[in-house]
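Please look through the sequence and the model below before reading on, and keep both at hand while following this report.

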Amino acid sequence: MLMRTDPFRELDRLTQQLMGPGTWSRPSAMPMDAYREGDEYVVAFDLPGVTADAIDIDVERNMLTVKAERRPLAKSDDVQMELSERPLGVFSRQIVLADTLDTEHIQADYDAGVLTLRIPIAERAKPRKVSIGVGSGRKEISG
C-alpha cells in the first residue's frame, strides 16, 4: 500500500488542538475554489459535515461573507473517542467582489458538503458592439 505523506499534517493537527475550534469572534478559514464559467463567477466552499441550516451567506456592498458551523455529533455516555481530526466550530470566509458582478442575483446550492455560489457578470460589464453612425456632414465644436 502506498501512503502519501504530508510533513505539515502533524503541525496542522497540533495547531488545531492548541487553538481550539473556531468561534463566532475568531472563526477558522474554509477552503474554496473560484473560477469563471461563461457569464458567471463560481465560488465553491468545502463544508463537509455542515448542515444547510448552519450556513449563513451575506452580501453587503461588495463584501461576500460565508459563515458555517460544524457542531459535534451527539454521543452517548459509553462512547470513548479514539481519534478526532475533523475540525469543529465556526468557519468563515470573506471575499471582495468586483463592481462588475451582479450581487443581486447570486445563486447558492449545497450538495455533498460543497457550497457553490454562482455570481452573474453584470450586463454593464459584458462586451458589446458599438454602432457607428454615418453623418451627412462635419460638425465643429466651438468653445
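Which residues does F45 touch, not counting residues up to four places away in sequence?

## F45 and the nonpolar core

In this predicted model, F45 touches M30, P31, M32, V66, R93, I95, G113, V114, L115 and L117, when residues up to four places away in sequence are not counted. The largest nonpolar core has 18 residues, and those that touch the most other members are F45, L47, I55, V66 and L115. At least two residues of this core come from each of the strands β2 (40-46), β4, β5 (89-96) and β7 (114-120).

## The β3–β4 hairpin

Strand β3, which covers residues 55-60, pairs with strand β4, residues 63-70, in the antiparallel sense over 6 bridges, and within this pair D58 stands opposite T65 in β4. The two strands β3 and β4 form a hairpin with 2 residues between them, and R61 in the turn has a positive phi of about 55°.

## T116 in strand β7

T116 is found in strand β7, and T116 counts as buried because its relative accessibility is 18%, while buried means under 20%. Leaving aside neighbours within four places in sequence, T116 is in contact with V42, V43, A44, Q107, A108 and D109.

## The second largest pocket

The second largest pocket has a volume of about 290 Å³ and is lined by 13 residues, among which R71, P72, L73, R86 and L88 lie nearest its centre.

Notes. Residues are numbered from 1 along each chain as its sequence is written. This is a predicted model: local features need pLDDT of at least 70, side-chain atom pairs count only at pLDDT 80 or more; totals for chains, interfaces and linings use all residues. Side-chain values use heavy atoms; hydrogens and water are left out. On a 1 Å grid over the protein atoms alone, a cavity is a set of points where a 1.4 Å probe fits but cannot get out, and a pocket is an open set with protein on both sides within 12 Å along at least five of seven lines; lining residues have an atom within 4 Å of a point. Grid points are joined across faces, edges and corners, and a volume is the space filled by probe spheres set on the points. Two strands pair if DSSP finds at least two bridges between them. Helices (H or I, at least four residues) and strands (E, at least two) are DSSP runs, numbered from the N terminus. A nonpolar core is a set of buried Ala, Val, Leu, Ile, Met, Phe, Trp, Tyr and Cys residues joined through side-chain atoms within 4.5 Å. Buried means under 20% relative accessible area, exposed over 50%, partly exposed in between (1.4 Å probe, protein chains only). Contact means heavy atoms within 4.5 Å.
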